Amino acid sequence: GRKRKEKLTKEEKERLQEIIEEIKGKKKAVLVDENLRIVKKTSLTNLSRSIRAGIFIIIIDGTATVPVIKSAERAGVKYIVANNFTTTDTEIELLSL
């Protein structure tokens, strides 16, 4: 996919914050496109299978595991927001909740 290297804008961060508030404590993940529209909400168990091209940010109420990060890399995801990361060995921008 195309490299979008600029940082998230203030508006984008606020929008992310809203989504994070929605799923806090629910052990869910939200897949968001470049316009920060929610593409899919999923349980953590189905997360790896739900990641596909066109996803810009993944927000995880929980831990970003290696399989999730690998799937995200293959799909061209740019950001992962999570409570914890089992690895930081990735090109994807990792943001802590």
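This is a predicted model: local features need pLDDT of at least 70, side-chain atom pairs count only at pLDDT 80 or more; totals for chains, interfaces and linings use all residues.

Biologist: Which pattern does the protein follow along the sequence?

Modeller: Along the sequence, the pattern is α-β-β-α-β-α-β-β. That comprises three helices and five strands. The radius of gyration is 12 Å, close to the 13 Å that the globule rule gives for 97 residues, so the protein is as compact as a globular protein of that length.

Biologist: What share of the residues is buried?

Modeller: Buried residues account for 41% of the 97 residues.

Biologist: Let us turn to aromatics. How many aromatic pairs does a search of the whole structure find?

Modeller: The search finds one aromatic pair. Its members are phenylalanine 56 and tyrosine 79, whose ring centres are 5.6 Å apart. Their planes meet at 80 degrees, and planes over 60 degrees apart count as edge-to-face, so this pair is edge-to-face.

Biologist: Where do phenylalanine 56 and tyrosine 79 lie?

Modeller: Phenylalanine 56 is in the loop between helix 2 (47-50) and strand 3 (57-64), while tyrosine 79 belongs to strand 4 (residues 79-85). The pair therefore ties together parts that are 23 residues apart in sequence.

Biologist: Buried or exposed, those two?

Modeller: Phenylalanine 56 is buried, at 1% relative accessible area, and tyrosine 79 is buried as well, at 3%. Strand 4 itself is mostly covered, with five of its seven residues buried.

Biologist: Which strands are joined to strand 4?

Modeller: Strand 3 runs parallel to strand 4 and is joined to it by six bridges. Isoleucine 57 is the residue opposite tyrosine 79. Strand 5 (residues 93-96) also runs parallel to strand 4, with four bridges between them; there, serine 96 is the bridge partner of alanine 82.

Biologist: And what do strand 3, helix 3 and strand 4 make?

Modeller: Together with helix 3 (residues 66-75), strands 3 and 4 make a right-handed β-α-β unit.

Biologist: A change of topic: where is the place of threonine 42, and what does its side chain contact?

Modeller: Threonine 42 is in strand 2 (residues 38-43). Its relative accessibility is 6%, and anything under 20% is buried, so threonine 42 counts as buried. The side chain of threonine 42 makes a polar contact with the side chain of serine 50, at 3.5 Å.

Biologist: What else does threonine 42 touch?

Modeller: Leaving aside residues up to four places away in sequence, threonine 42 touches Lys28, Ala29 and Leu47, as well as Ser50.

Technical notes
Residues are numbered from 1 along each chain as its sequence is written. Side-chain values use heavy atoms; hydrogens and water are left out. Rings of Phe, Tyr and Trp (its six-membered ring) pair if their centres lie within 6.5 Å; planes under 30 degrees apart count as stacked, over 60 as edge-to-face and the rest as tilted. Helices (H or I, at least four residues) and strands (E, at least two) are DSSP runs, numbered from the N terminus. Buried means under 20% relative accessible area, exposed over 50%, partly exposed in between (1.4 Å probe, protein chains only). Two strands pair if DSSP finds at least two bridges between them. A crossover is right-handed if, with the strands pointing away from the viewer, the path from the first strand over the helix to the second runs clockwise. A polar contact is a pair of N or O atoms within 3.5 Å; within protein, one must be able to donate a hydrogen and the other to accept it, and residues adjacent in sequence count only if both atoms are side-chain atoms. Contact means heavy atoms within 4.5 Å. The radius of gyration is taken over C-alpha atoms; the globule rule is 2.2 Å times the number of residues to the power 0.38.
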